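Okay, hi everyone, thanks for coming.

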Amino acid sequence: MRIVMLGAPGSGKGTQAQRLQKDFGLPQVSTGDLLRRAVADKTPLGLKAKAVMDAGELVSDDIVLGMIEERIGKPDAAHGFILDGYPRNGKQAQDLETVLKRRGVTIDAAVLMDVGFDILMKRLTGRRTCSKTGAVLNIYFSPPAELEACKKAGGELLQRDDDKEETIRNRLQVYQRQTAPLIEHYEQRGLLKTIPATGEVDAVYQRLTTELGLRR
Ligand code: AP5
């Protein structure tokens with residue numbers, strides 16, 4: 001199955017994609033994670049991308065296209081993948097269609113994680129990533145046991161550089177301007193599945209897997 005995850009920053013794309021990966025073996029392909037790794041490794045691409053990401057703007061279409069082509073060409077993505085954070089504008093949606101056509105495959109579903117803007121700010125300012133396990137957590141919403149488990153595993157709860165209030169505001173505006181029009185793009189192709197994405201993480205996951213027809 002090949003899935004596109006759409007939704008505003010903080011809507012839970014990464015959280016739910018991690019679960020799908022764990023339960024169904026579909027690799028989570030996150031352009032944000034790939035870019036953050038390049039930044040951490042100080043590669044030429046990472047050095048170029050850092051300032052753009054810190055400002056909450058989109059990195060150039062060519063850079064992310066190269067990353068996506070390389071990642072979905074790996075053996076573990078041969079039978080399916082979850083695109084988390086790609087495409088993010090009309091040009092990227094076209095690029096994706098071209099790449100998939102070359103491979104003779106198509107997207108099966110575009111999932112919209114639907115969350116009101118008022119909730120997103122709290123989710124994003126509260127987000128922390130466990131340095132040891134990579135789990136995406138939240139100081140306001142995660143069960144204390146999950147936050148504690150990170151510390152017990154010897155990890156630290158790290159905040160992303162772009163999860164500062166001012167940058168978040170710009171990321172939300174960029175989403176509205178450049179990414180939200182893709183909702184119509186996928187609706188017109190009959191691929192859109194809208195998931196109400198507020199409430200407990202488990203409840204959202206239940207809705208998502210039901211909508212996608214996935215069973216454990
Ligand atoms: P990226 O990493 O893709 O960030 P984003 O789209 O802004 O999305 P987020 O990761 O912030 O949110 P999410 O929806 O994954 O939510 P999460 O599950 O973490 O991109 C970062 C930057 O990289 C971009 O700004 C851009 O510069 C660049 N970039 C990336 N892709 C690009 C592309 N294609 N083109 C150009 N540039 C690109 O959840 C958020 C928080 O909420 C967590 O703390 C989580 O624990 C919590 N949470 C989740 N679900 C629930 C729930 N149901 N209830 C309570 N809390 C919840």
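Let's start at one spot: Ser30 touches Arg36 and Asp84, leaving out residues up to four places away in sequence. By touching, or contact, I mean heavy atoms within 4.5 Å. Ser30 sits in strand 2, which covers residues 28-30. And is Ser30 buried or exposed? It's buried, with a relative accessible area of 7%. Buried here means under 20% relative accessible area, exposed means over 50%, and partly exposed is in between, using a 1.4 Å probe and protein chains only.

Quick housekeeping before I go on. This is a predicted model, so keep in mind that local features need pLDDT of at least 70, side-chain atom pairs count only at pLDDT 80 or more, and totals for chains, interfaces and linings use all residues. Residues are numbered from 1 along each chain as its sequence is written, and side-chain values use heavy atoms, with hydrogens and water left out.

Now zoom out. The chain has ten helices and eight strands. Those are DSSP runs numbered from the N terminus: helices are H or I with at least four residues, strands are E with at least two. Along its principal axes, the C-alpha trace spans about 45 × 40 × 35 Å. The radius of gyration is 17 Å, which agrees with the value near 17 Å for a compact globule of 216 residues. That one is taken over C-alpha atoms, and the globule rule is 2.2 Å times the number of residues to the power 0.38. Of the 216 residues, 45% count as buried. And among contacts with a separation of 6 or more, 70% are between residues 24 or more positions apart.

Next, strand 1, residues 2-6, where five of the five residues are buried. Which way do they point? Arg2, Val4 and Leu6 go one way, and Ile3 and Met5 go the other. In a regular strand, the side chains alternate between the two faces of the sheet.

Who are the partners? Strand 1 pairs with strand 3, residues 81-84, in the parallel sense over four bridges. Two strands pair if DSSP finds at least two bridges between them. Met5 has Asp84 as its bridge partner in strand 3, and Asp84 is also one of the residues that Ser30 touches.

Strand 1 also pairs with strand 4, residues 109-114, again parallel and over four bridges. There, the bridge partner of Val4 is Ala110. Strand 4 is mostly covered too, with five of its six residues buried. Moving along, strand 4 pairs with strand 8, residues 192-196, in the parallel sense over five bridges. In strand 8, Ile195 is the bridge partner of Met113.

Last stop: Asn138, which you'll find in strand 6, residues 136-138. Asn138 is buried, with a relative accessible area of 8%. What does Asn138 touch, not counting residues up to four places away in sequence? Lys122, Arg123, Gly126, Arg127 and Leu147. Lys91 is another story: its C-alpha atom is 33 Å from that of Asn138, and the two are 47 residues apart along the chain.
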